[in-house]
Amino acid sequence: MIRRNFITNIFKIFSLFAIIPKSVLAFFQQNYLGKSNSIKIISKSANVDTQIPLYKKLNHDFISLKDFAKVMHYSIYTNDAKKKSVLYMGKDRIRFTADNSFVILNDDALQMPLECKWTHGEILVPVIYFTKLLNQYTSLTFTYDVKKKTIEINPSNVNITGLRLEEKENGTLILVHASKKFSEKEIMLDIRNGWFHIEVYGGKIDTTSISKIPGKGYITKIKGFQLGDTASLAFKLKGKIESRDLVLQESRNDFYVNLRTKSVISINKENEHVKAELEQQKKKWYIDTIVLDAGHGGKDSGAPGYNKKINEKDIVLPITLELGKLLKQKLRDVKIVYTRKTDVFIPLWKRTDIANKANGKLFISIHANGSTSQKLNGFETYFLSADKDEKARGVVLKENSAIEFEETVDRQRYEGVNFILATMAQSAFIKQSQYLASVIQKSLKLKLEKIGMTDRGVKQGPFWVMVGATMPNVLVETGFVSNKYEFNKLIKSTTQKKIADAISQGVIKYKNDIEDAF
Ligand SMILES: [Zn+2]
């Protein structure tokens with residue numbers, strides 16, 4: 001960039017003195033700039049080897065989605081008024097919105113670190129994240145060479161090569177063909193919203209061909225998703241299943257899953273079923289229920305306050321109730337569900353259980369921090385992750401220690417929970433949780449720095465309270481009750497209202513952004 005400007009400027013200076021004829025100058029300039037102002041799309045299988053223009057925005061490389069679609073022979077539809085484009089790549093339908101970093105792949109919201117731009121009726125996509133996204137979530141491999149300015153597209157190496165369904169008397173058998181041996185630890189079975197999921201960590205599928213396989217028996221539809229390193233096979237169920245078993249074979253790579261059912265669904269109900277399903281799909285992403293979780297309560301006081309009289313549980317409850325009140329005012333048709341509205345003890349597992357049963361679309365857990373070091377201060381927002389930031393260790397230990405107050409039977413629920421698998425099961429929500437955490441933290445920063453509180457940023461950690469939630473979820477640490485200054489702030493209702501207001505604004509920004517992307 002610097003070199004190019006330098007050369008261009010030299011040409012300009014020369015041209016001022018008319019040392020080089022203008023036509024010669026134009027020739028050199030065009031060729032020199034032409035090289036770095038275009039990018040080559042190469043696909044041997046599609047017989048493509050074509051240059052398309054490259055756009056620079058804030059020092060990032062962008063290409064026009066229309067140009068890309070044209071050379072690759074993909075269809076594209078653009079809505080000028082809404083500044084949205086839909087790209088059709090085989091069976092995948094990908095929606096891009098200008099000034100929005102969410103990308104909708106079929107029915108899943110994914111996020112790029114950079115927003116798409118809009119120029120002269122065209123969506124511009126950031127090359128590096130666009131290729132990364134397609135690489136991860138479609139059945140093609142995209143290789144972007146930043147130096148050579150080329151994007152190479154190849155069919156990718158799938159290791160889950162096919163599926164077969166067999167109808168049995170007491171259910172349906174799913175046979176999964178694989179070219180690689182997967183261990184029991186890498187395969188997760190799960191039921192979410194009427195879909196049975198087989199998630200294979202390290203699996204790579206051709207989503208197009210998987211999604212073409214017709215349903216059979218108790219399964220009405222099959223969909224394949226590539227979610228990063230995880231291949232997700234989803235099966236739409238006709239109704240409830242009694243049990244499911246995973247069977248691995250010692251001598252073969254293939255494995256199968258046995259879905260056992262008892263009841264038989266009448267065929268007459270099929271039409272109603274399809275109708276209801278479409279309606280449900282439409283509503284899937286609409287944030288109509290928000291679950292608010294005031295941390296601790298009852299015999300569990302949470303972090304002890306600076307004066308040892310007012311503790312974490314007493315501070316987070318009014319903040320949570322105020323947050324609910326504000327959200328109800330600002331988002332009239334959104335239902336607010338609380339895990340507790342009074343000073344009662346609720347086990348951690350029960351909190352996400354309440355959220356899941358209420359069909360919550362967001363789960364926000366409100367806490368206040370504590371430390372033996374009275375110097376520590378500031379507010380931070382967490383999302384669930386198997387890894388933890390080094391500095392988050394104490395917070396994770398402190399919040400997870402709430403299980404010590406639980407009955408033995410309740411405590412047994414946490415035994416054997418593997419955070420890696422738990423976060424894998426939530427893989428679709430982690431990106432969104434991360435985004436929700438970032439908008440809430442930004443919003444808190446705007447309000448709380450003014451009153452002398454410190455921004456500790458967005459962090460991640462393995463929190464029990466977030467494990468089972470089948471929705472985007474975050475945990476907010478609103479400040480340190482062990483720090484004299486912050487304690488005196490946090491016990492004041494004006495500060496509590498400020499915090500609630502900031503969180504509500506973050507939630508509204510998130511809701512608008514994600515709903516706007518659809
Ligand atoms: Zn807490």
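How many bridges join strand β5 (residues 75-79) to β6? I began my notes here and found 5 bridges, with the two strands running antiparallel.

**Ground rules.** I worked on a predicted model, in which local features need pLDDT of at least 70 and side-chain atom pairs count only at pLDDT 80 or more, while totals for chains, interfaces and linings use all residues. Residues are numbered from 1 along each chain as its sequence is written, and side-chain values use heavy atoms, with hydrogens and water left out. I took helices (H or I, at least four residues) and strands (E, at least two) as DSSP runs numbered from the N terminus, and counted two strands as paired if DSSP finds at least two bridges between them.

**Confidence.** I looked up pLDDT, the predictor's confidence in each residue from 0 to 100, and noted that the protein chain averages 84, with 86% of the residues scoring at least 70. Over residues 1-21 the pLDDT is below 50, and beyond near neighbours in sequence I found 17 contacts (heavy atoms within 4.5 Å) for this stretch in the model. Residues 25-35 also have a pLDDT below 50, with 12 contacts beyond near neighbours in sequence.

I used buried for under 20% relative accessible area, exposed for over 50% and partly exposed for in between (1.4 Å probe, protein chains only). By that rule helix α3 (residues 65-72) is mostly covered, with 6 of its 8 residues buried, among them Leu65, Phe68 and Met72. At its N-terminal end α3 is capped by Ser64, a side-chain oxygen of which lies 3.1 Å from the backbone nitrogen of Lys66, and the helix is followed by His73, whose phi is positive, near 60°.

Going back to β5 and β6, I saw that they form a hairpin with 4 residues between them, and that Lys83 in the turn has a positive phi of about 55°; Ser75 stands opposite Tyr88 in β6. Strand β6 (residues 84-89) has 5 of its 6 residues buried and also pairs in the antiparallel sense with β7 (residues 92-97), over 6 bridges. In this second hairpin, with 2 residues between the strands, Gly90 takes a positive phi near 60°, while Leu87 stands opposite Ile94 in β7.

**An open sheet.** I then traced 4 strands that form an open sheet in the order β16-β17-β19-β18, with antiparallel pairing. The edge strands are β16 (187-192) and β18 (219-227), each of which pairs on one side only. Strand β18 pairs with β19 (residues 230-237) over 8 bridges, and I noted Ala234 in β19 as the bridge partner of Lys223.

**Thr289.** My last entry concerns Thr289, which is found in strand β22 (residues 289-294) and is buried, with a relative accessible area of 7%. Leaving aside its neighbours within four places in sequence, Thr289 is in contact with residues including Val334, Ala358 and Leu362.

Technical notes:
Polar contact = N/O pair within 3.5 Å; in protein donor to acceptor, adjacent residues only side chain to side chain.
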